[in-house]
Amino acid sequence: MKNSYALITGATSGIGLEISKDLAKRGFNLILVARTTEKLVQTSNDLSQEFNIKCDYFSSDLTLIDSPDEIYQFTSQKKYDVEILVNNAGYALPNAFHKNTMEDEEKCLRVLGTSVIALTKKYINDMISNGGGKIMIVSSVAAFAPASSLQSLYGPVKTFMNRFSESLSFYNKYGITSTAVCPGYTVTNFHTASGVQAEMDSVPSFLKKSAKRIAEEGVEAMMRGMKVYVPTKTWKIIVFLLKVIPHSVFRLVSRLLAPGRYDDI
Ligand SMILES: NC(=O)c1ccc[n+]([C@@H]2O[C@H](COP(=O)([O-])OP(=O)(O)OC[C@H]3O[C@@H](n4cnc5c(N)ncnc54)[C@H](OP(=O)(O)O)[C@@H]3O)[C@@H](O)[C@H]2O)c1
């Protein structure tokens, strides 16, 4: 009998927590991954009781190079078939590029980039053998935005993740789809964890969306096998404008509406 699960990284807070709830509501068993064990235990208990599903967890720090291997070993030992892989965990560095150490940059790039590639590499082979699977990468509207003075590598790594996700469409013939979900400003713990809550507080409320809405639209897009998906009408329009208006105009408007991202260093 198949022992199918959805594995979600960063499943204890914000967008990852809401994705986990949405998948549980759809009847999927879950494997939750994050660093903080107490939150994993609590979330796992809550979701298994509320949605009557099987829910397990694995505490792992994705800044560490061995983390994807350890996660894979855990699910292999438990004989869980990972049918859905949601690469969601993430944070950004708060300072200007020259103030962050190379170690800080490498750790952040591991969580947002190389761990996503490593986990996908592990599970895609099983998905091929099992005749299909679904992958989601939680990317960002930053993937489409002009280069910013704040969080210099965040936008570039999200662009990289979008291109990586699109390249996985060559696995469609094996029944595998990959969806890059690109939210705009979302109310979560992200900005506090990334040291930019003051910038988030100054963003007008019409630009801030709930994690629940992002998750619901994102999971639906993944189920439909869409390659790149921007949740909410507001952010679809902004991404369209990003493609047609000069970036200098975008930066000017952005400076007025959400100061910080394009300020001089
Ligand atoms: N919020 C936004 O405005 C926004 C916009 C666009 C894209 N995104 C993207 O959405 C994704 C989720 O962010 P969020 O807004 O939901 O943030 P969040 O509320 O801060 O949640 C982050 C989750 O990731 C886990 N995590 C953080 N560092 C980790 C590490 N080193 N190893 C393993 N797990 C780790 C956290 O748990 P522990 O701390 O216990 O590890 C938590 O479960 C990120 O990829 C982010 O780039 C966010």
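## Packing of α1 against α8

Helix α1 (residues 14–25) and helix α8 (residues 211–223) pack with their axes 8 Å apart and at an angle of about 55°; axes are lines fitted to C-alpha atoms, for helices over the stretch in contact, and angles run from 0 to 180 degrees between N-to-C directions. Helices (H or I, at least four residues) and strands (E, at least two) are DSSP runs, numbered from the N terminus. The pair is therefore oblique, the class left over once angles under 35 degrees are counted as roughly parallel, over 145 as roughly antiparallel and 65 to 115 as roughly perpendicular. The crossing of α1 and α8 is right-handed: a crossing is right-handed if the near helix is turned clockwise from the far one by less than a right angle, and left-handed if anticlockwise.

On the α1 side, the contact involves Gly14, Ile15, Glu18, Ile19, Asp22 and Leu23, which meet Ala211, Lys212, Ile214, Ala215, Glu216, Gly218 and Val219 of α8. Two residues are in contact if their C-beta atoms, placed from the backbone, lie within 7 Å. This contact of α1 with α8 comprises 7 nonpolar, 2 polar and 4 charged residues. Ala, Val, Leu, Ile, Met, Phe, Trp, Tyr, Cys and Pro count as nonpolar, Asp, Glu, Lys and Arg as charged, and the others, Gly among them, as polar.

## Basis of the model

The structure is a predicted model, in which local features need pLDDT of at least 70 and side-chain atom pairs count only at pLDDT 80 or more, while totals for chains, interfaces and linings use all residues. Residues are numbered from 1 along each chain as its sequence is written.

## Packing of α1 against α2

Helix α1 also packs with helix α2 (residues 37–51), their axes coming within 10 Å and crossing at roughly 25°. The two helices are therefore roughly parallel to each other, and α1 passes α2 in a right-handed crossing.

Here Leu17, Ser20, Lys21, Ala24 and Lys25 of α1 meet Thr43, Leu47 and Phe51 of α2. By class, this contact has 4 nonpolar, 2 polar and 2 charged residues.

## Packing of α4 against α5

The axes of helix α4 (residues 102–130) and helix α5 (residues 154–167) come within 10 Å and cross at roughly 15°, which makes α4 roughly parallel to α5. Their crossing is left-handed.

Helix α4 contributes Leu109, Leu112, Gly113, Val116 and Ile117 to the contact, and α5 contributes Val157, Phe160, Met161 and Phe164. Of these residues, 8 are nonpolar and 1 is polar, with no charged residue.

## Ligand shell

Around the ligand lie 30 residues, of which Gly10, Gly14, Arg35, Gly90 and Phe190 come nearest; a residue is near a molecule if its C-beta atom, placed from the backbone, lies within 6 Å of it. The shell has 13 nonpolar, 14 polar and 3 charged residues.

Helices α1 and α6 (190–193) each supply at least two residues of the shell. The largest share, 3 residues, comes from α1.

## Overall fold dimensions

The chain has 10 helices and 9 strands. Its radius of gyration is 18 Å, close to the 18 Å that the globule rule gives for 265 residues, so the chain is as compact as a globular protein of that length. The radius is taken over C-alpha atoms, and the rule is 2.2 Å times the number of residues to the power 0.38. Along its principal axes, the C-alpha trace spans about 55 × 35 × 35 Å.
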